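Hi,

Here is the structure I promised to pass on. Have a look at it first, and my notes follow below.

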Amino acid sequence: MLLTIAKRLVTVIPTLIGVVIVTFLLTRVLPGDPAVYFAGPAATPESIAEIRKSLGLDRSLPDQFVRYVNDLAHGNFGNSLSTGQPVAREIASRLPASAELTLFGLFLSIAIAVPLGIIAAVKQGSWVDHLCRVIATAGVSLPVFFTGLLLVYFFYFKLGWSPAPLGRLDAFATSPKDITGFYLIDTLLTGDFATFRSAFSQLILPAATLGIFSLAPIARMTRASMLAVLASEFIRTARASGLSDRRVILTYAFRNAMLPVVTTLGMVFSFLLGANVLVEKVFAWPGIGSYAVEALLQSDFAPVQGFVLTMAVLYVALNLIIDMLYGVIDPRVRIEA
Amino acid sequence: MSEAGAVVPPAAEVSSKRPSDSILGHARYVMTENPVTGMSFGLFAIIVLCAVIGPYVVPYDPLASDTAAALQPPSLRHLFGTDLLGRDIFSRVIAATRLDFGIALASVALVFVMGGFAGISAGFFGGWTDRIVGRISDTIMAFPLFVLAMGIVAALGNTVTNIVIATAIINFPLYVRVARAEANVRRNAGFVQAARLSGNGELRILLWHILPNIMPIMMVQVSLTMGYAILNAAGLSFIGLGVKPPTPEWGIMVAEGATNIISGEWWVAFFPGLALMIAVFCFNLLGDGLRDLVDPQRRT
């Protein structure tokens, strides 16, 4: 098992190198001169040259790349042009908000999609099966920002069940003590149930938006792989041996059917991390996505670069975790190593 | 995968023998075989029609504002209502079709050429070509795709052209994978060896013998990614990239209507969002239908 992990970790290295090169190239090679922007409209050629020198833009590309990697290694993502704050600190402080939203959305989606897919496969042709098919086709066509707005309209304006879509807490609540950065967990740890309620009611709509978005691929995959497993011979044997339906489906079929679903999770995460940006914009969620969007609109490149890099590293790490999950679910993977 | 590859070439060769009636017959078969696919073809025709003549037939100028008639709910005068500046939303939604469809079409065409060529070269030549192309597409896949698109647009500059380029780049790995697999299956097929034996150069074989044979499956890929391309472009303009405000475009119209949603004027964001959803839905159905026909083994 340890050997598998080590082998898998080694394959991450070229990917990470590729990611760093791409994020570097995005700023340095492409047109547009940060020094001109930095210097402002009243700049003289001398002041631009000076700024270029202070930013290290007058050096050769390989030299700049070495400096960039060196900065990254020291956790320095540069400073935001508009606020002057270090990007790394800003991203670190906003990351829990995004992570809480994305993970809770994924949790909701798995909690609905997996049982739905199983029932659809077990009772093929039933209304659950048809529902599953409709969701799988319609779900991939829904623009995530549009779903979010529809939910806001119904649950905030029409029904008045949820609070205004403005961030993680309503105006009267104070943010909980920072332990994990996840408000739901922090408020429970400190026993602050009023704030927990506030945080939960703010979180549920954006998380549901993300959940609806990722429902389709997970439900579709669960159904397809459950169908394939249920048709296999070991299931026939299990049934012939007189095991109960419940046991055959949940113990034998489910575990085997989960492998392709876990693989799909990699793709789902790619979509989720992107969709996260849009959902944060709709719900004014103070995560790294809305930070990057604000910076983008002001042509402030360092935060965007830091954001892209953070997201890519997160995504690589998530894929790594997914691969590890294989070993937990499927003993054959462990033996092969 | 390999079986599917082996099934396709004969079909393609048969249809190339009698192009005149087989193309028509095939098209009719495609439409009638599955009613859902037929419906999506109908929707597709409407979208194309809106894109081509839409801006000329809409009842109001999509850019003309009329502050006296701001934020009116849908009525017979204004089918989809009016927005904050009193512009007719129906006219704007129809007029926007051209831009949205155009962005998606341009980006898909771009990636079709880039990804298709890189993919068949990788599959056909193997070796270093394969390794380099594979490394490039692996690196792209290492990013969450929408995030990479944001980064590319930010770096290249905030224009519609760059949205097209970014959308093409994030679709690159998908095209490479399909083209590479299909070309790889055929690199030593009988007809390729025959062509080689009669003295054709490798590049000529690639372009004149391999490429036509993988066209059907590449076209399926085009219709499957069209929907994603539209969603992606609309998402980018929703966060304020690319398309500038007065221009009618579905993503930016939803963004403009987002503030009205909270005060109950749902129609400002709803109709452009609905148009976007229908367009994406249509392309996804179309892609699924085409895939079932070209490659029955992958039917779900």
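**What I found**

B:Ile230 touches B:Asp100, B:Ala104, B:Leu276, B:Ala279 and B:Val280, leaving aside residues up to four places away in sequence; contact here means C-beta atoms, placed from the backbone, within 7 Å.

Please note that this is a predicted model, where local features need pLDDT of at least 70, side-chain atom pairs count only at pLDDT 80 or more, and totals for chains, interfaces and linings use all residues. Residues are numbered from 1 along each chain as its sequence is written, with chains lettered from A and ligands numbered from 1 in the order in which they are written.

B:Ile230 is also among the residues with the most contacts inside the largest nonpolar core, which has 170 residues; A:Ala292, B:Ala149, B:Met150 and B:Val254 are the others. Such a core is a set of buried Ala, Val, Leu, Ile, Met, Phe, Trp, Tyr and Cys residues joined through C-beta atoms within 7 Å, buried meaning 20 or more other C-beta atoms within 10 Å of a residue's own.

Between the chains, 38 residues of chain B are in contact with 40 residues of chain A. H6(B) gives the largest share of chain B's side, 10 residues. Helices are DSSP runs (H or I, at least four residues), numbered from the N terminus.

H6(B) also packs within its own chain: its axis and that of H7(B) (residues 160-186) come within 9 Å and cross at roughly 145°. Axes are lines fitted to C-alpha atoms over the stretch in contact, with angles from 0 to 180 degrees between N-to-C directions.

Best wishes

Terms used: Contact = placed C-beta atoms within 7 Å. Helix = DSSP H or I, 4+ residues; strand = E, 2+ residues; numbered from the N terminus. Buried ≥ 20, exposed ≤ 12 C-beta atoms within 10 Å, placed from the backbone.
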